[in-house]
Structures are given as C-alpha cells and as structure tokens.
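Please look through the structure below with its fold, its strand pairing and its surface in mind. The briefing after it takes these topics in turn.

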Amino acid sequence: MSAVDYAAIQAGASEAIRDAGKPLTLRIQTGAAYDPDTQTNVPTYADHAVSGVIGNYKGRVTESGTLVQTDDKKILVSVGTAPEPTSGAQIIDGATVYVVQTVKALNPAGTPLLYELQGRR
C-alpha cells in the first residue's frame, strides 16, 4: 500500500478554495500595547491574507456544541502561510467583519488541509 501524499491533497484543496472563493483577511490578536494617553492596554493585531469561501448553514445545526445563529456563516479557509485560525479571530471580507466562533480543521494524519470556521457578524 502506498503512502498518501497529504501535501498534494493540501495543495489541491487550497487551489480549489482559491478558484471558487475570494481573497479574505484573517486578523489575529497578537497582544496588547499600553496607551499612556488613555492609560489602557490597546489590542494589537496581525493581518494575514487568506483565500476563502463564505456560505450559509442549512437548517438548525450545532457546531462544537454551540447553536448556529441565523446570520452565522460557514467559512472555508485554505491552509497557507497564515497561522491556524482560533476562536475570537476575525475574518474580514471587504467592509464585513466576522468573528470566529468555532474552528474545525480537516487534518487527516495531522496534516491540515483546510479550516471550517463559524463566523458571526
């Protein structure tokens, strides 16, 4: 039995999402910087370019034990140079910002192929 080439599958999945989807921005909080004027910590972010497909959920579903709300979106994001998305990260589509509620990685044998995100406005 020959070994499965997950790198080739990953490249194919990324290409399919890039072809069917559009450019999006993954924004991840990297820390906080102290603002002496307001005497508060202001979050700092890093933006990463990703390709993704934004769709709707069908019917009443739950994701990771959380009920999906009416306007939530299912966002498929290709694996690329960006870090793995996490809950609380943001997906930016033009002027629309989705906050990531849940992340499911499709990763057979520990090789991530794509991420399915539950995004909420």
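Predicted model: local features only at pLDDT ≥ 70, side-chain atom pairs only at ≥ 80, totals over all residues.

Residues are numbered from 1 along each chain as its sequence is written, and side-chain values use heavy atoms, with hydrogens and water left out. The chain has one helix and eight strands, taken as DSSP runs numbered from the N terminus (helices are H or I with at least four residues, strands are E with at least two).

**Overall layout**
- From the N terminus on, the elements run in the order α-β-β-β-β-β-β-β-β, and the C-alpha trace spans about 65 × 35 × 25 Å along its principal axes.
- Of the contacts (heavy atoms within 4.5 Å) with a separation of 6 or more, 52% are between residues 24 or more positions apart.

**Barrel and strand pairing**
- Six strands close into a barrel with antiparallel pairing, in the order β1-β2-β5-β8-β7-β6, where pairing requires that DSSP finds at least two bridges between two strands.
- Neighbouring strands of this sheet are turned by 45° against each other on average, direction ignored, with axes fitted as lines to C-alpha atoms.
- Strand β5 (residues 73-78) pairs with strand β8 (residues 114-120) over six antiparallel bridges, and Lys73 has Gly119 in β8 as its bridge partner.
- Strand β8 also pairs with β7 in the antiparallel sense, over seven bridges, and Leu117 in β8 stands opposite Val103.
- Strands β6 (residues 90-93) and β7 (residues 96-106) share four antiparallel bridges, with Val97 in β7 as the bridge partner of Ile92.
- Two residues separate β6 from β7 in a hairpin, and Gly94 in the turn has a positive phi of about 65°.

**Helix and burial**
- Helix α1 (residues 6-20) lies across β2 (40-56), β5 and β8, and runs at about 85° to β2, on a scale of 0 to 180 degrees between N-to-C directions, with the helix axis fitted over the stretch in contact.
- Ser14, found in helix α1, is buried at a relative accessible area of 7%, the cut-off for buried being under 20% with a 1.4 Å probe and protein chains only.
- Beyond its neighbours within four places in sequence, Ser14 is in contact with Ser78 and Val79.
- Buried residues make up 29% of the 121 residues in the chain.

**Surface**
- The chain exposes about 7,500 Å² (Shrake-Rupley method, 1.4 Å probe), of which carbon and sulfur atoms supply 50%.

Terms used
Buried < 20%, exposed > 50% of the residue type's maximum accessible area, 1.4 Å probe, protein only.
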